Amino acid sequence: MNQPIIEEAILKKRLVEFTYSNHRREVEPHILGVSNGVLQLLGYQVGGSSSSGKPLPEWRRFDLNKITQLTISERTFLGPRPYPSGKHSPWDYQISVVKS
């Protein structure tokens, strides 16, 4: 299951790598939570590609049940990043959040 891996990566501030919608992603995991009843990861995608074709880096939400080939990278990140709007979209509840 992906949840324990994501929780560990958030705690240790380590990037995760995975496949989502047939695209390989490199992501800083910031929030693991539930939104509209769906378990999701909010991450800052710093590498790989996406179906949207938007330039990276970019904030993205990922449904955990659609993530495959998940691994924790040796690469670390500093911690929380500012959001362009000053806040993220709402959550039903948050399970794990990256700390400073």
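Which residue in S6 is the bridge partner of Leu32? The partner is Ser96. That pair is one detail of a predicted model, in which local features need pLDDT of at least 70 and side-chain atom pairs count only at pLDDT 80 or more, while totals for chains, interfaces and linings use all residues. Residues are numbered from 1 along each chain as its sequence is written, and side-chain values use heavy atoms, with hydrogens and water left out.

Start with S2, which covers residues 23–35. Strands here are DSSP runs (E, at least two residues), and helices are DSSP runs too (H or I, at least four residues); both are numbered from the N terminus. Two strands pair if DSSP finds at least two bridges between them. S2 pairs with S1, S3 and S6, as the table shows.

| Partner of S2 | Residues | Bridges | Sense |
|---|---|---|---|
| S1 | 14–20 | five | antiparallel |
| S3 | 38–48 | 10 | antiparallel |
| S6 | 93–97 | four | antiparallel |

Single residues mark these pairings. Tyr20 has His23 in S2 as its bridge partner. Arg25 stands opposite Gly48 in S3.

Buried means under 20% relative accessible area, exposed means over 50%, and partly exposed lies in between (1.4 Å probe, protein chains only).

**Turns and backbone angles**

S1 and S2 form a hairpin with two residues between them. In that turn, Ser21 has a positive phi of about 50°. S2 and S3 also form a hairpin with two residues between the strands. Here Asn36, in the loop between S2 and S3, has a positive phi of about 50° although it is not a glycine. Asn36 is exposed, at 70% relative accessible area.

Gln69 is not a glycine, and its phi is positive, about 55°. Gln69 lies in strand S5, residues 68–76. Gln69 is exposed as well, with a relative accessible area of 57%. Why do such angles deserve a look? Most residues other than glycine have a negative phi, and most peptide bonds are trans.

The peptide bond from Leu56 to Pro57 is cis, with omega near 0°. Pro57 lies in the loop between S3 and strand S4 (58–63).

**The nonpolar cores**

A nonpolar core is a set of buried Ala, Val, Leu, Ile, Met, Phe, Trp, Tyr and Cys residues joined through side-chain atoms within 4.5 Å. The largest one has 16 residues, and those with the most contacts inside it are Ile6, Val16, Phe18, Phe62 and Ile67. Helix H1 (3–12), S1 and S2 each supply at least two residues of this core. S1 gives the largest share, four residues. Apart from this core lies another, of five residues, including Trp59 and Trp91.

Contact means heavy atoms within 4.5 Å. Leaving aside neighbours within four places in sequence, Ile6 is in contact with Val16, Leu32, Leu41, Leu64 and Leu70.

Phe62 sits in strand S4. Phe62 counts as buried, at 1% relative accessibility. Leaving aside its neighbours within four places in sequence, the residues in contact with Phe62 include Phe18, Tyr20, Arg25, Val27 and Ile67. Phe62 and Val38 are 24 residues apart in sequence, and their C-alpha atoms are 9.8 Å apart in space.
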